[in-house]
Amino acid sequence: MKIRKLESPKHQDSRKLYEEVFDEDSPSFVEYYYTEKTRDNQIYVVEEEGGIRSMLHLNPYRLYVNGSEKEVNYIVAVATQKEYRKRGYMASLLKRALQDMYRARESFTFLMPASESIYLPFDFRTVYEQTGKFYEKGDEQAEGVTITDAKPSDCREISESANRHLAERYQVFAIRDEAYYQRLLREYKSDGGILKIYRKGGEIVDCRGYYPEENEEKPKIMVRIVDVRRMLMSLGLRSLTGVCFCVTDPVVEENNRCIVLTGTEYSGVMLMDAERENAEGTIGIGALTSLVFGALTVDEVCMEEDVRMSERMKEELKKWIPLSRICLNETV
């Protein structure tokens, strides 16, 4: 078994495996994906017996996270050829990718699981259920609203409207620019869809996709912290906070550390390394992900096996403001 990251000119070498495993994707969508998304993504592969037998793609996104911009990778197209499954290839690819993302100074990563149970052992945790709204013919009856098909020339205006709307409502979302919507138009087109613009009084008030065949499924999004220190620096605090605790991470060795977290609602988070004997508790990276993104409360997190907290630590962690207002509706 050999793990390597493909050079950009070699990304097409993974297409055969993609088409074999994701045979539900239309040829036009696969063409879109390998024309558009593989231009700037990273593809990790396992090679065995002269061919690519397993792969994992990292698709880059620029996210808004609590007022700051962060470069974050979306893990997609995790696949293994049927005859080569149950050999630990996916685990090896995930570990390599997580370690590389840490070295690239990324805070966290996210994915849309085929099954949550696959990724729980790697400390991914479900934090969001996609809730994107789609165009319906009944929308045309809304008073004062005009609906038109989006064109490439509309993309800058759509992005400006979308970013204002998202920043008012969410702590975490993918930043939209003109290029984002230009690509999204091509993505919809590749699957027979359309992007619809809703205007009221001449101003864009909404933007929704439309597919001839509606999909009622609401996919889940799972997140994993990649760099503990960088992730904690994105938190807000309710009041004066001071707590010392250890973090455990079986994949990213550098995250196994003891941390002093202090700060106020005005200063934000400040971090220092500490001695383990001063720790008030220990928390695993998966449990910490659930806590940081608001999927579980402090009391609920304490029920997990790799969590131990003093009563004082519990009270201090309740002063954290979790990143629970999330909008990650990206597909690939």
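## Strand β3 and its partners

Two strands are taken to pair if DSSP finds at least two bridges between them, and in this predicted model strand β2 (residues 42-48) and β3 meet that condition, pairing in the antiparallel sense over 7 bridges. The hairpin of β2 and β3 has 2 residues between the strands, and Glu49 takes a positive phi there, near 50 degrees. Within this pairing, the bridge partner of Tyr44 is Leu56 in β3.

Strand β4 (residues 68-80) runs antiparallel to β3, and the two are joined over 11 bridges, with Val65 standing opposite Ser68 of β4. A further antiparallel partner is strand β8 (residues 172-174), which 3 bridges join to β3; here Leu63 stands opposite Ala174 in β8. Of the 15 residues of β3 (residues 51-65), 12 are buried, so the strand is largely enclosed by the rest of the structure.

## The sheet β7-β9-β10

An open sheet of 3 strands, with antiparallel pairing, has the order β7-β9-β10. Because β7 (145-149) and β10 (203-210) stand at the edges with a single partner strand each, one side of each is left without a neighbour in the sheet. From one strand to the next, the twist averages 25 degrees.

Strand β9 (residues 194-200) pairs with β10 in the antiparallel sense over 7 bridges, and the bridge partner of Lys200 in β10 is Glu203.

## Helix α3

The buried residues of α3 are Tyr89, Ala91, Leu93, Leu94, Ala97, Leu98, Asp100, Met101 and Tyr102. As background to reading such a list, an α-helix has 3.6 residues a turn, so residues three or four places apart point the same way. After α3 comes Arg105, whose phi is positive, near 65 degrees.

## The crossing of α5 and α6

Helix α5 (residues 155-169) packs against helix α6 (residues 178-190) at an angle of about 115 degrees, and the axes of the two helices are 8 Å apart. Angles of 65 to 115 degrees count as roughly perpendicular, and α5 and α6 are therefore described as roughly perpendicular to each other. The crossing of α5 and α6 is right-handed.

## Cysteines

How many disulfides does the structure hold? The number is 0. Cys302 is in no disulfide, and the nearest cysteine sulfur, which belongs to Cys246, is 15 Å away.

For Cys327, the closest cysteine sulfur is that of Cys207, and the separation of 12 Å is too far for a bond, given that a disulfide requires a pair of cysteine sulfur atoms within 2.5 Å. Cys327 has a relative accessible area of 6% and is therefore buried, the cut-off for that class being under 20%.

Definitions and conventions:
Residues are numbered from 1 along each chain as its sequence is written. This is a predicted model: local features need pLDDT of at least 70, side-chain atom pairs count only at pLDDT 80 or more; totals for chains, interfaces and linings use all residues. Side-chain values use heavy atoms; hydrogens and water are left out. Buried means under 20% relative accessible area, exposed over 50%, partly exposed in between (1.4 Å probe, protein chains only). Helices (H or I, at least four residues) and strands (E, at least two) are DSSP runs, numbered from the N terminus. Axes are lines fitted to C-alpha atoms, for helices over the stretch in contact, and angles run from 0 to 180 degrees between N-to-C directions. Angles under 35 degrees count as roughly parallel, over 145 as roughly antiparallel, 65 to 115 as roughly perpendicular and the rest as oblique. A crossing is left-handed if the near helix is turned anticlockwise from the far one by less than a right angle, and right-handed if clockwise.
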